[in-house]
Amino acid sequence: MIEALKHSVNWLSAPPRFFTITLAAFFVLLFPGELGPAWLRRLTRPLQTVYRPKVGGIVFAVLGVLFLASCFDPNFALIVLKPDNVPIAAMIFLVAFFVWFGLKEGRRNDALRAAEQPIIEKRESGDGKVMVWPDLVYTEFLCMILWTIFLIVWSICLKAPIEEPANPAKTPNPSKAPWYFLGLQEMLVYYDPWIAGVLLPGLIIVGLCAIPYIDKNPKGNGYFTFKERKPEIAIFLFGFVVLWVWLIIIGTFLRGPNQNFFGPFEYWDAHKLVPLINVDLSQIIWVKWMHTALPRNPILREIFGLTLVAAYFLALPPLLAKRWLKGYYEKLGPTRFHIMMFLGLTMLSLPIKMMLRWTLNMHYVVTVPEIFFNI
Amino acid sequence: MAAAPGKPASAQAATPSVMTRRGFLSTLGVAWTAFAAACAAGAVATTRFMFPNVLFEPPQQFKAGLPADFQTGTVDQRYKESFGVFIVRDEQGIYVLRAVCTHLGCTPNWLEAENKFKCPCHGSGFYRSGINYEGPAPRPLERYRIVLADDGQILIDKTKIFAQEKGEWSSPDSFLKV
Ligand code: FES
């Protein structure tokens, strides 16, 4: 019984399935009873109750118990209780809790506002303001002391993971970046170094800097709200939770020797055989569909991939502006809309490429190894 | 130094230490010259730093023993640590693969049981020939020049690299027929 359960968890945590589940859970929990056809709304509406403190508390408690119970499995415990992985395990719960908390407070304020009552921040402090001294400084001081104690205890109890002296000829297997870079390392699996290591991180920083210029919605400043900033919150959380924290989590717990994927209850077998023979888009189209050899000329060879990428970045935004995102286009105006679309589509290209790799073993959509150009 | 040339003269007329425009400018000139000189000295020191007095560089050419030392059908790792190469012998002869992943430069491992090179960093896999077929690596592993020295030993020259995607593996120096 328990074994069967573990097996199904392992099966579900294969990346394409796990990612689909994560995506579905993300949207359903963010917008319970608001997305999709009528039957889906009816089905997911009860989930709104997770934003009640009691229900949310119970959900977290159940998740915590499941997590602790899983630690009785030797394979699970081996990975999760490794000193360097303990903070990541804590991070899962911390991120989930604070996202939940922010959304809960936002929803509560929305409800208060709908009932024409003062929002929480007003109630707690009258005019929405508190004094720096003593309110803020005292809190900070106490936090500092407690946190210092906590860090000292932690550093005594959990050993720092120090390994043998570095040797360029011997790379540990699996080789992992520090946890906060595991998202980047995961991106490197799907993209060329110049995209995953230079372009995308650069665009993440540029995109974060651009937020105040693109998002001119002044609401939500200094108080919790959800209703007034739905798209902004959804886009940000998608990038942060799904594309950053989630990648760190799978990079920590599911990537094993040879960068193969392992279920949480699976033994990290260095000899696990996974058939992963890559195909490029050009091979699929020319060889598999048209039964010809790959053309010699790289431009001709990659013409389909190049068209696809160009259409994705150049043709899709105007189309969206005309059809599905008309209101958004009018709200932002052409310049901001197109900058936003470029950043958003770049962000979305990551999950698209990940899915292509996991399901079709798609190596590169455009590949010109002669000049180090692969997408 | 607290010169205030913009202030009305009446306020400061009594104090003779008021800085003149000329004095101010020449002080400024000296200061900037000193600053520029310091920067230049720093730049020179930094440039000098780039050319160390002692440089540890393993030789770029080495002798790897007789061809008979390498068995047919094996991937030899004896020089992996010292020179960063895999020496592979098949039915036709011997070739030398550079032990640097073409994705981001980690050192791949040779997995005997799976008959492939596998990179532990992002999971690129390469056939015994060096051709990439798994994971993100965009190109096959590179090969080094291999020739027979006069004394019959294998001579491996790491200054010359042969890349498959440029069609260089057909070059006679990339492969030692035995
Ligand atoms: S460095 Fe080898 S797979 Fe990335």
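**A friendly note on the sheet and the cores**

1. Let's begin with chain B, where four strands make an open sheet in the order 5-6-7-8, with antiparallel pairing. Its edges are strand 5 (109–111) and strand 8 (132–134) of chain B, each of which pairs on one side only. Please keep in mind as you look around that this is a predicted model.

2. Strand 5 and strand 6 (residues 116–118) of chain B are joined in the antiparallel sense by three bridges. Leu111(B), for instance, has Lys116(B) in strand 6 of chain B as its bridge partner.

3. Over to the nonpolar cores. The largest one holds 57 residues, and Leu30(A) and Phe253(A) touch the most other members. Several elements of chain A give two or more residues to this core, among them helix 2 (15–30), helix 6 (86–114), helix 10 (193–214) and helix 16 (334–360). Helix 11 of chain A provides the largest share, 14 residues.

4. Of its 25 residues, 18 are buried, so the helix is mostly covered. The helix also has a kink of about 30°, centred on Trp246(A).

5. Which residues does Phe253(A) touch, leaving aside those up to four places away in sequence? The contacts are Ile79(A), Val80(A), Asn85(A), Ile88(A), Ala89(A), Ile92(A), Phe262(A) and Trp268(A).

6. There is also a second, separate core, with 16 residues, including Val88(B), Leu97(B), Ala99(B) and Ala137(B). As background, nonpolar side chains tend to be buried together in soluble globular proteins.

Key: Residues numbered from 1 in each chain as written. Chains lettered and ligands numbered in written order. Predicted model: local features only at pLDDT ≥ 70, side-chain atom pairs only at ≥ 80, totals over all residues. Heavy atoms only, no water. Core = buried A, V, L, I, M, F, W, Y, C linked by side-chain atoms within 4.5 Å. Buried < 20%, exposed > 50% of the residue type's maximum accessible area, 1.4 Å probe, protein only. Contact = heavy atoms within 4.5 Å. Pairing = 2+ DSSP bridges. Bend = angle between axes of the 7 residues up to and from the residue.
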